[in-house]
Structures are given as structure tokens and as C-alpha cells.
Amino acid sequence: MSARATRTAMAVVLALTVAGCGAGDDRASDDRGTGAVTVFAAASLTETFRRIGKDFEAANPGSTVTLNLAGSSALANQINQGAPADVFASAAPANMATVTEAGNADGTPGVFARNQLVIAVPRGNPAGVTGLADLSRSGVKVALCATQVPCGAAARTALDAAGIALTPVTLEQDVKGALAKVKLGEVDAALVYRTDARAASGDVTAVEFPESARAINDYPIVALKDAPNPAGARAFVAYVRSAPAQAVLAEAGFQTP
């Protein structure tokens, strides 16, 4: 083979190699949202994240989203104890800080939604609850979230702002637990998020109260440092901040950050 022919052949091989590398990079970019993505999310995100998870799967063929839904404090503890997870979505910055301060976040958390408390009462409001002051009346049974979870901390802030002291008949580990007590008729009222009351509107009525404006919760989200699927984690976080996911959150009653 002549020197010129040899140089031509080498150039062709080099071009094909570069093209192949480029194609591989494109495939890697396309695969950012594929594979299994495990999301630890606050209980108050149950309905919205189930829908957002399905929408993410539809937008990213080959992906599957698994949700672990519980109180933010419990989820933070699970993550810090080594539970395998890709994403953490908390109902309050304090619980997110537990994870970031332990060095388990990949990057800086970003707030993607806000939420506000209402008083949930059974349909028909048999106890005649119209505001926070009514919760301290004799004989009115109230459910609150435990203070270590975001809905409990927000309830305490609102009650303190109103100067109201009350003794709940139960302290629940997440907002769904408090709401369930109302739905089952075991209590006359519970302080829950507006979004949860709206999702259960067939069973409960939401009573707004002005002091809730003093206890609005920010919801931060972050990919996790030891995520089994780092690319999928980043893709899911980005999707939650996208316009389609934000529309789902707004429809459920969340406020924009």
C-alpha cells in the first residue's frame, strides 16, 4: 500500500472512531432519565408525586420511579442510616438540613413548592370549628402531627402565633396519619396541609385560618450523594422543577416557590 493510501485509510478509521464516540455520548445523554429511580418523599407529596412519577416515566422511556412516602424526619433518618435512595424531597428545610449536614446530598437542595396549613374537619363540621380558637374548646378532640415532622412544627408555629394552647388527643408521625383520624371520625379536627385536605375533599372540609400564613413550609429537593442511579436522580430533580410538574403541584394546591 502506498504512503498516501495508508494516510487515507488511517484518516477514515480516525473519523469513524470520533463519530462512534460522539454517538456514544448522545446515547449517554438520552439515557439520563432511564433506569430505576428511588424517591424518598414527604407524605404530603403522595398524590402529586405519584402522578409526577408516572409523567416522568412517560417522558423518559425505560425509567421506573419507586416512591418511599413517609414523614420527612423519618425519611431523613433512613437516608443518613444508609438506605438506598436517589432523591429526597422534604416538606421542610430543617429535615433536609439533617441530610445535607451529614454529607449525603449531591449538590445544593432547591425549593420546588410551598404549602400551608388548614383545619380539616369531618364533612358537615359537627363540632362547629371556624378557627384555631375553637380547637381549645372543652370536648373538641384534635389531632396534630408530632413536632419533629414538618406539619407538626408548622402547627406549633401557628398555634403559638395565635396564643392558643391545646392538648391533642393524638400526635401522628405524618400528615396522612392526622388526616386519617378526621376521616375516620376519631377526632373533630386536625391541622393538616391545604393540599391534603383538598385531596380528601370527599371526606373532609378545609377551614382556613389567618395564622397559617405564619407557618408556610418550603419544600426542598435534592439528588443524593450515594444514589444508585445518579443520572436518573438528577433527571428526576430537574423534572420536578419543570413546567409540567409545577403545573401538577399547582393543581393540587401547592404554592410556587
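Select Thr 195 to start: setting aside neighbours within four places in sequence, Thr 195 is in contact (heavy atoms within 4.5 Å) with Ser 44, Asn 115, Ala 252, Gly 253 and Phe 254. This is a predicted model, in which local features need pLDDT of at least 70 and side-chain atom pairs count only at pLDDT 80 or more, while totals for chains, interfaces and linings use all residues. Residues are numbered from 1 along each chain as its sequence is written, and side-chain values use heavy atoms, with hydrogens and water left out.

Thr 195 lies in helix H7, residues 194-199; helices (H or I, at least four residues) and strands (E, at least two) are DSSP runs, numbered from the N terminus. Its relative accessibility is 5%, so Thr 195 counts as buried, where buried means under 20% relative accessible area, exposed over 50%, and partly exposed in between, with a 1.4 Å probe and protein chains only.

Select helix H9 next, residues 243-252, whose buried residues are Ala 245, Gln 246, Val 248, Leu 249 and Ala 252. Viewed down the axis of H9, these buried residues fall within an arc of 155°, so they line one face of the helix; the arc is that of the directions from the helix axis to the C-beta atoms. On the face turned away from the buried side of H9 are the exposed residues Ala 243 and Glu 251. The cover over the buried residues of H9 includes helix H2 (46-59), strand S4 (105-115), H7 and helix H8 (230-240). After H9 comes Gly 253, which has a positive phi, near 110°.

Now move to the strands, and select S1 (residues 35-42) together with S2 (residues 63-70), which pair in the parallel sense over 8 bridges; two strands pair if DSSP finds at least two bridges between them. Gly 35 has Ser 63 as its bridge partner in S2. Between S1 and S2 the chain passes through H2, and this β-α-β crossover is right-handed, that is, with the strands pointing away from the viewer, the path from the first strand over the helix to the second runs clockwise. S1 also pairs in the parallel sense with strand S3 (residues 87-89), over 3 bridges, and in S3 the bridge partner of Val 39 is Val 87.

For the aromatic rings, rings of Phe, Tyr and Trp (its six-membered ring) pair if their centres lie within 6.5 Å, with planes under 30 degrees apart counted as stacked, over 60 as edge-to-face and the rest as tilted. By this rule there are 7 aromatic pairs. Select Phe 56 and Tyr 239, an edge-to-face pair at 5.8 Å centre to centre with 75° between the planes. Phe 56 lies in helix H2 and Tyr 239 in helix H8, so this pair ties together parts that are 183 residues apart in sequence. Then select Phe 112 and Tyr 219, whose ring centres are 6.2 Å apart and whose planes stand at 85°, so the pair is edge-to-face. Both Phe 112 and Tyr 219 are buried.

Finish at the largest nonpolar core, which has 67 residues, and in which those with the most contacts are Leu 45, Phe 49, Phe 112, Ile 119 and Phe 236. A nonpolar core is a set of buried Ala, Val, Leu, Ile, Met, Phe, Trp, Tyr and Cys residues joined through side-chain atoms within 4.5 Å. H8 gives the largest share of this core, 6 residues.
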